[in-house]
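Me: Got a model here. Can you walk me through it?
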Number of protein chains: 2
Amino acid sequence: MSQPIALSSEVPATCRACNVRHAGMCAVLTAAELATMARSARRTQHAPGEPLVVEDSKLTSYANVTDGVVKLSRVLRNGRQQVVGLQFAPDLLGRLFGRENLVNVEAASEVDLCRIPKDVLEQLVATNPVLKQRLLDQSLQDLDEARDWMVTLGRKDARQRVASLLLLVARRCGAPGIDDPDRVVFDLPLTRSDMADFLGLTIETVSRQISRLRHEGVVQVANHRHVVIPSLPRLETLAG
Amino acid sequence: MSQPIALSSEVPATCRACNVRHAGMCAVLTAAELATMARSARRTQHAPGEPLVVEDSKLTSYANVTDGVVKLSRVLRNGRQQVVGLQFAPDLLGRLFGRENLVNVEAASEVDLCRIPKDVLEQLVATNPVLKQRLLDQSLQDLDEARDWMVTLGRKDARQRVASLLLLVARRCGAPGIDDPDRVVFDLPLTRSDMADFLGLTIETVSRQISRLRHEGVVQVANHRHVVIPSLPRLETLAG
DNA sequence: CGCCATCATTGATCCGGATCAAACGGGCCG
DNA sequence: CGGCCCGTTTGATCCGGATCAATGATGGCG
């Protein structure tokens with residue numbers, strides 16, 4: 001208030017309160033850049049299943065996932081669906097410099113977004129090479145993950161696939177157990193249907209394999225969602 | 001010869017004779033940049049099946065594919081293999097700014113490479129934003145293709161998968177027929193085994209589905225390799 | 001509090017693709 | 001020219017996961 005000029009380069013209040021402030025692309029932005037973004041950014045909340053962007057639509061804005069899990073999917077002409085990726089906080093949604101969306105984007109869990117107009121972010125990318133590098137890195141990591149998943153879809157059986165997915169979620173959402181680094185606890189942000197669509201399986205098969213892993217003591221499940229992995233290394237072995 | 005200084009900014013002879021001179025990343029390079037690259041580039045030829053880079057090795061150079069087709073693959077602990085991508089001329093091999101290779105790289109057909117030391121290319125990328133953009137675009141396109149293939153692996157049956165692969169190769173390697181834009185002719189750069197590893201199927205199933213498509217008149221095959229697609233739209237329909 | 005809608009589990013049966021096995025064909029080398 | 005080797009095709013059988021069907025939990029709402 002005393003120095004308006006100085007204020008413009010302070011970290012905006014919304015950013016200071018944001019839980020991805022020091023993660024993802026935001027970690028490499030200066031206070032002034034955060035201020036520029038915050039000025040045109042819009043925060044939105046979404047319920048599970050809510051469509052965020054539809055395939056083939058024009059791309060007009062990017063969005064940072066600040067909380068929750070987002071599904072990227074494509075549908076075949078015959079109606080069958082394939083989830084082609086999951087995005088967790090603090091990932092950025094939107095194909096960099098793309099003109100249109102090639103995937104459907106949908107909230108898997110409760111999701112908070114920080115939407116940024118296309119031109120604002122691209123302007124920022126153009127002037128900040130570190131930011132550009134960071135986003136390039138994320139794209140390349142997405143590519144690695146997509147290729148990993150191709151192996152899962154092409155060469156693993158149902159049991160290994162389910163184990164692979166539990167592992168993936170455990171790594172992104174899991175909290176390590178007290179006194180036991182191998183123990184992991186988390187809430188599944190996906191329905192059985194979402195899991196099936198990501199794994200290239202049916203709901204029934206996913207359910208059966210989870211039951212099997214449960215009977216074998218590899219996982220404990222409560223309320224269909226609360227998951228405990230007593231031994232992550234054991235799960236890793238089963239994932240192939 | 002008369003003006004050595006001027007010569008350094010002329011397009012190098014090897015580049016002038018190169019069939020990807022005006023494609024891929026080389027299209028956006030100045031004569032001086034081409035000269036810089038050519039000075040440290042090394043051209044190599046490889047027979048089908050020859051390993052070009054092995055998984056988890058240190059990444060020390062990039063390579064432009066100037067001719068032929070290259071397989072990117074990963075192997076599971078149980079020995080099963082999954083091809084996670086194909087690279088055609090004029091694609092660049094090597095994960096940009098990566099420190100190690102996460103995939104096996106192997107010649108599928110006869111392959112010609114133009115190898116460029118890691119630091120030389122990265123230096124060029126650092127000073128040429130257009131080049132950086134171009135390579136970013138290729139990475140994003142690779143990501144799109146990987147996701148497309150995830151749909152193929154997760155949600156298509158054997159017939160659709162084989163049709164999808166024929167379509168993919170037809171689009172990258174095919175020559176359109178005279179007087180008939182729907183007709184395409186090409187040589188398969190892959191063995192049945194390679195195809196199976198890309199499609200998440202067995203050799204036998206690939207062979208059976210090709211036979212089936214042949215009996216239906218969707219493709220004509222001679223010598224296992226020479227392929228004629230009388231109607232590309234028909235194939236597109238079958239690919240799902 | 002109890003009904004209903006939704007999601008998940010479990011069971012029975014079927015089928016597409018894997019596996020096992022054999023024959024085929026073309027190219028290369030002796 | 002003949003024989004072998006490798007990649008491919010074709011056939012017979014098996015099995016994992018899809019499909020069809022029914023039951024069981026859970027959370028929202030009147």
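This is a predicted model: local features need pLDDT of at least 70, side-chain atom pairs count only at pLDDT 80 or more; totals for chains, interfaces and linings use all residues.
**Surface near DNA strand D**

Reply: By class, the surface near DNA strand D has two nonpolar, nine polar and seven charged residues. Nonpolar is Ala, Val, Leu, Ile, Met, Phe, Trp, Tyr, Cys and Pro; charged is Asp, Glu, Lys and Arg; polar is the others, Gly among them. Side-chain values use heavy atoms, without hydrogens and water; residues are numbered from 1 along each chain, with chains lettered from A and ligands numbered from 1, as written.

Me: What does Arg192(B) reach on DNA strand D?
Reply: A phosphate oxygen, 2.7 Å from a polar side-chain atom of Arg192(B).

Me: And the side chain of Glu204(A)?
Reply: One of its N or O atoms is 3.0 Å from a base nitrogen of DNA strand D.

Me: Switching to the protein interface. How many residues of chain B are in contact with chain A?
Reply: 43 residues of chain B are in contact with 43 of chain A. Contact means heavy atoms within 4.5 Å.

Me: How many salt bridges between them?
Reply: Six. The rule is a side-chain nitrogen of Lys or Arg within 4 Å of a carboxyl oxygen of Asp or Glu. One pairs Asp148(A) with Arg74(B), closest N and O atoms 2.3 Å apart.

Note on methods. A polar contact is a pair of N or O atoms within 3.5 Å; within protein, one must be able to donate a hydrogen and the other to accept it, and residues adjacent in sequence count only if both atoms are side-chain atoms.
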